[in-house]
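This report describes aromatic pairing, strand pairing and the nonpolar core in a predicted model. The sequence and structure are shown first.

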Amino acid sequence: MDFDQVRPQRRRSERVAKSLPIVVRGTDLLGQPFEERTATLNFNLHGCRYASRYHLPRNAWVTLEVPRGSEFENARARVAWIQRPHSVREFFQVSVELEAPQNIWGFEPSPQDWAPVESASAAAEAEESRSGSELPAVSERHA
């Protein structure tokens, strides 16, 4: 029997094992602000895992900056998990969860299970831009 068939699926979206350059900004465990250029080890719609020189507190907020051509995509993320290095030559491994699920990675074609979240976030953005520019409808019926 295959163990993966017995164990329930824990991922909310398919993970992509690809290295993408990112810039991470935040505050380390000692309360010192930092900025670090690193790369993802893997990512999905809900976050990523990356190697870091910094020891970060769990549940701390960081900002991720992902280059997309000549522009950058920014997103806030919460430190969900951190693994200490096994030797002085290794880095911490940090997993972060995005504040809102989204394809900040610009990864195309995106995995099939990313589509419902991507279309929902695009619909929400469109609704937000419409609601900000239109006046609410006034009912013509009076009580």
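Phe-43 and Phe-107 are both buried. The rings of Phe-107 and Trp-114 have centres 6.4 Å apart and planes at 55°; an angle over 60 degrees would count as edge-to-face and one under 30 degrees as stacked, so this pair is tilted. Phe-107 and Trp-114 are likewise both buried.

The model holds 5 aromatic pairs by the rule applied here. One of them joins Phe-43 and Phe-107 in an edge-to-face arrangement, with 5.6 Å from centre to centre and 75° between the planes. This pair links distant parts of the chain, 64 residues apart: Phe-43 belongs to strand β2 (residues 33–44), while Phe-107 lies in the loop between β6 (92–98) and α2 (115–133).

## Strand pairing around β4

Strand β4 (residues 61–68) runs antiparallel to strand β1 (residues 21–27), and 3 bridges join the two. Within this pairing, Val-24 has Leu-64 as its bridge partner in β4.

Strand β4 also pairs with strand β5 (residues 71–83), again in the antiparallel sense, over 8 bridges. In this pairing, Thr-63 stands opposite Arg-76 of β5. The two strands form a hairpin with 2 residues between them, and Gly-69 in the turn has a positive phi of about 70°.

In soluble globular proteins, nonpolar side chains tend to be buried together. The largest nonpolar core of this model has 25 residues, and Leu-64, Val-96 and Trp-105 are those with the most contacts inside it. Two or more residues come from each of β1, β2, β3 (47–52), β4, β5 and β6. The largest share, 4 residues, is given by β6.

Which residues does Leu-64 contact, leaving aside its neighbours within four places in sequence? They include Ile-22, Val-23 and Val-24, together with Cys-48, Val-96, Leu-98, Ile-104 and Trp-105. Glu-73, Asn-74, Ala-75 and Ala-77 are also in contact with Leu-64.

Leu-64 and Trp-105 each connect two parts of this account. Leu-64 is the bridge partner of Val-24 and is among the residues with the most contacts inside the core.

How values were computed
Residues numbered from 1 in each chain as written. Predicted model: local features only at pLDDT ≥ 70, side-chain atom pairs only at ≥ 80, totals over all residues. Heavy atoms only, no water. Phe/Tyr/Trp six-rings, centres within 6.5 Å; stacked < 30°, edge-to-face > 60°. Buried < 20%, exposed > 50% of the residue type's maximum accessible area, 1.4 Å probe, protein only. Pairing = 2+ DSSP bridges. Core = buried A, V, L, I, M, F, W, Y, C linked by side-chain atoms within 4.5 Å. Contact = heavy atoms within 4.5 Å.
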